[in-house]
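Have the selection tool ready, as each stop begins with something to pick.

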Amino acid sequence: DRENFFHSDVIDMLKLRGSVGQLGNQAVALYSYENSISLGQDYSFGGQLAPGAAANAYADPRTSWETTTTYDAGLDVDLWESRVNVTADVYKKRTSGILRTVNLPAQVGGLAGPKENVGTVDNTGYELTAQYRNDIGAFRYSLQGNVSYNVNKVVDLGGQILYNEQTNLSTITMEGYPIDSHYLLVSEGIFQTQDEIDNHAFQSTATAPGYLKYRDVNGDGLINGDDRVIISESSAIPKYTYGFGFNVGYKGLSLSAFFQGVAGIRIYPVANIAYPFNNGAGAKTEWLTDAWTPENPNARLPIVTESTGGTDNFRQSDFWLQSGSYLRLKNIQVAYQIPRTLLDKLKISKLTVFVNAQNALTFSKYKDFDPETIINYNSLYHYPMLKTYNAGINVDF
């Protein structure tokens, strides 16, 4: 809007942006580049226990900070007398020299491995924010929203493959895929007969009709960890994060609401969330209505078993993956500001009465637990978000 060559009755402001920046991260203990000596390493000398000191871990003198380089291109636009505001950015963040412990073989003296700069990870995506506001007499309103899209990819890991094999959870980090991609067996339905089991790759001696069937990926006739694959489009990192809301008002009355959600994420619920009778717990109703029986061969769930440990039904497979996408009404509020004419006699300059609700509504295919809390976890051992309702009065004298 400040350039002589630019004239528009629609565009009030148009700004193009571009930037490149670097940020260091010293996510490593001080002096990690030097070998340290630990006391209390006693040893036997001449038949007597003597105090000693020794190095318990190897240090790499080349260890340095991680470096994140960010490339960004952006656009800011105001339209129609600033009724419409739009901000858009595309970016690429490359983190190189990622610090992590590199394990050493026991043959070198049982030393713990050093912290080294191993790995490069890219995060690429875009962010878009838009707002519209307007007044029509005493009626005022505004709409706003934002969305971000991010793709995570491991570019270099020094040829390593990192396995995360917690109890009942299996993810993998390797070059060409997102961090913590789900690394699982592929399910192919439910065994219906013993003949079907006999003609399939061997799973276990306990396999029976009603059990889950897994794909023999490498064709060796045996179902084991070698048959796991990276499940495509299945990451613990959401691809989309978004939110939107509105504000409307008429004279002293106002209503505002804000929604927030994520999409493009898969979660792997375990323990009491997913399995019947886990740790002596009960079972969800669906195991009564949707589990396999000889009379219900087209069931969605496998046969009910007493134990989750070691049975075919509960191996780490894509059968248990669920969508973790959700949309949540984070906040909604109704407020009324008492007219000033009614307050003058009370010597009050402003009085507002309001009713507010937080996390009041959630829309998600995942029904077993709070989808917002479980994004970074796979169990119910984390406190869920609370629904909160409150009312109040704000008074200014």
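Start by selecting L128, which counts as partly exposed because its relative accessibility is 36%, between the 20% limit for buried and the 50% limit for exposed. Keep in mind as you look that this is a predicted model. L128 sits in strand β10, which covers residues 120-136.

Next, follow β10 into its sheet. Which strands make up this open sheet, and in what order? There are 10, running β1-β6-β7-β10-β11-β18-β19-β22-β23-β24, with antiparallel pairing. Colour β1 (11-25) and β24 (388-396) to find the edges: each has a single partner strand, so one side of each has no neighbour in the sheet. From one strand to the next, the twist averages 10 degrees.

Stay in the sheet and pick β22 (residues 326-337) together with β23 (residues 350-363). These two are antiparallel and pair over 10 bridges. Zoom in on Q333 and you will find N356 of β23 standing opposite.

For the last stop, select G221, in the loop between β16 (212-214) and β17 (229-235). Is G221 buried or partly exposed? It is partly exposed, with a relative accessible area of 33%. Beyond neighbours within four places in sequence, G221 is in contact with A201, F202 and D216.

Key:
Residues are numbered from 1 along each chain as its sequence is written. This is a predicted model: local features need pLDDT of at least 70, side-chain atom pairs count only at pLDDT 80 or more; totals for chains, interfaces and linings use all residues. Side-chain values use heavy atoms; hydrogens and water are left out. Helices (H or I, at least four residues) and strands (E, at least two) are DSSP runs, numbered from the N terminus. Buried means under 20% relative accessible area, exposed over 50%, partly exposed in between (1.4 Å probe, protein chains only). Two strands pair if DSSP finds at least two bridges between them. Axes are lines fitted to C-alpha atoms, for helices over the stretch in contact, and angles run from 0 to 180 degrees between N-to-C directions. Contact means heavy atoms within 4.5 Å.
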